[in-house]
Amino acid sequence: MATTTPEIKRSRGAKSASRPGDRIFSGLSRGSGITLLVIMAAIAVFLSYRAVLAISKDSTNFFTTFEWNPAGDPPVFGIAVLAFGTVVSSIVAMVIAVPVAIGIALFISHYAPRRLAKPLAYVVDLLAAVPSIIYGLWGAIFLVPYLAGLNEWLDRYLGWTYIFDKSQDGVARNLFTVGILLAIMILPIITNVTREVFLQVPKMHEEAALALGATRWEVIRMSVLPFGRSGIISASMLGLGRALGETMAVAVVLSPSFLISGHLLDPGGGTFAQNIAAKFNEANEFGRDALIASGLVLFAITLLVNGAARWIIGRRKEYSGAAA
């Protein structure tokens, strides 16, 4: 009786599983995954324990209070302003960075000549390695003064939108400037990942579209972008993670204040990471517990963002498989 294909596959799998190298690799992979989960759980437990100690002594609502004074009598602190500033600055950064990053990735992978594409890719890689404090110093010394004119222009012509209505005088140390700086910082990360995804598009798909008479843009729209959509989402979420947790650059550029304003051009605002960096050294033990409580919220937001990204990518894969 002839051996069936499933039986052959099972026999090959049994042979490969019996090899020492396969067993070692399988054990190391499993151990690495378990270690990562244990580390994440340990971080969550530590943050939760210290956060409970602080929140239990907070005299106001931790989620809705605009003030941060854990050293007061009674202690008063909340994350409303920090959550607002973190989310708004990250949204501004993503709105600016993602389209530009996709355009740069498409240019390097499908438009630029090889002699130009390699140096451009190398420059983008170098920008991704620049420390955040360098971006912060550049933003404070160069970006903030030069954005004053842009702020005036936006206030003059787009002030009717309320978002760009500048109601306070002052330098451009606001959430809009922070968003632009974060966009510059996350641009290389999103570009690198997106470029690598675009380079993985099967050449047969592109050649088939060209053979049917499609233009270069139609090839990109029908073949490259649909293939790389999951990769674009992953790259965007990776950049969003850095934007949410960026510390030193925001601390150098932003003029912190515990006020929520819908006017992006007004000075002030705050983010979780910037507040922790600014107040950690001068805080007492209880104040540090309060900062850790705010860090727990940022930790939870980051996990939710990554989980949402994985869910979106999984849904797209299921949809693609069903369509196929």
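This is a predicted model: local features need pLDDT of at least 70, side-chain atom pairs count only at pLDDT 80 or more; totals for chains, interfaces and linings use all residues.

Q: Are Glu152 and Lys166 buried or exposed?

A: A residue counts as buried under 20% relative accessible area and as exposed over 50%, with partly exposed in between. Glu152 has a relative accessible area of 40%, so Glu152 is partly exposed. Lys166, with 15%, is buried.

Q: How many salt bridges does a search of the whole structure find?

A: The search finds four salt bridges. One of them joins the side chains of Arg50 and Asp289, at 2.4 Å from N to O. This pair links distant parts of the chain, 239 residues apart: Arg50 is in helix H2 (residues 20–55) and Asp289 in helix H12 (residues 285–323). Asp289 has a relative accessible area of 7%, so Asp289 is buried.

Q: Which residue forms a salt bridge with Glu196?

A: The partner of Glu196 is Arg195, and the closest N and O atoms of this pair are 3.0 Å apart. Glu196 counts as partly exposed because its relative accessibility is 38%. Arg195, at 7%, counts as buried.

Q: How should I describe two helices that pack together, and at what angle do the axes of H3 and H6 cross?

A: Two packed helices are described by the angle between their axes and the distance between those axes. In this model, the axes of helix H3 (residues 80–111) and helix H6 (residues 175–199) come within 6 Å and cross at roughly 35°. The crossing of H3 past H6 is right-handed. The residues of the contact comprise 26 nonpolar, seven polar and one charged.

Q: What is the separation of Val87 and Phe272 in sequence and in space?

A: Separation along the chain and separation in space are read as two values. Val87 and Phe272 are 185 residues apart in sequence, while their C-alpha atoms are 9.9 Å apart in space. Val87 is located in helix H3. Its relative accessible area is 39%, so Val87 is partly exposed.

Q: Which residues form a nonpolar patch on the surface?

A: The patch consists of Ile133, Ile134, Leu137, Trp138, Ile141, Phe142, Tyr146, Ile184 and Met248, which together have about 860 Å² of accessible area. Helix H5 (residues 132–158) gives the most to it, with seven residues. Trp138 is placed in helix H5, and at 35% relative accessibility Trp138 counts as partly exposed.

Q: How many helices and strands does the protein have?

A: An overall view begins with the elements and their order. The protein has twelve helices and two strands. From the N terminus on, these elements run α-α-β-β-α-α-α-α-α-α-α-α-α-α. The C-alpha trace spans about 85 × 50 × 35 Å along its principal axes. Of the 324 residues in the protein, 39% are buried.

How values were computed:
Residues are numbered from 1 along each chain as its sequence is written. Side-chain values use heavy atoms; hydrogens and water are left out. Patches are made of residues with over 30% relative accessible area and no salt bridge: like charges are joined within 9 Å, nonpolar side chains (Val, Leu, Ile, Met, Phe, Trp, Tyr) within 5 Å. Accessible areas come from the Shrake-Rupley method with a 1.4 Å probe; for residues, only the protein chains shown count as cover. Helices (H or I, at least four residues) and strands (E, at least two) are DSSP runs, numbered from the N terminus. Buried means under 20% relative accessible area, exposed over 50%, partly exposed in between (1.4 Å probe, protein chains only). Axes are lines fitted to C-alpha atoms, for helices over the stretch in contact, and angles run from 0 to 180 degrees between N-to-C directions. A crossing is left-handed if the near helix is turned anticlockwise from the far one by less than a right angle, and right-handed if clockwise. Ala, Val, Leu, Ile, Met, Phe, Trp, Tyr, Cys and Pro count as nonpolar, Asp, Glu, Lys and Arg as charged, and the others, Gly among them, as polar.
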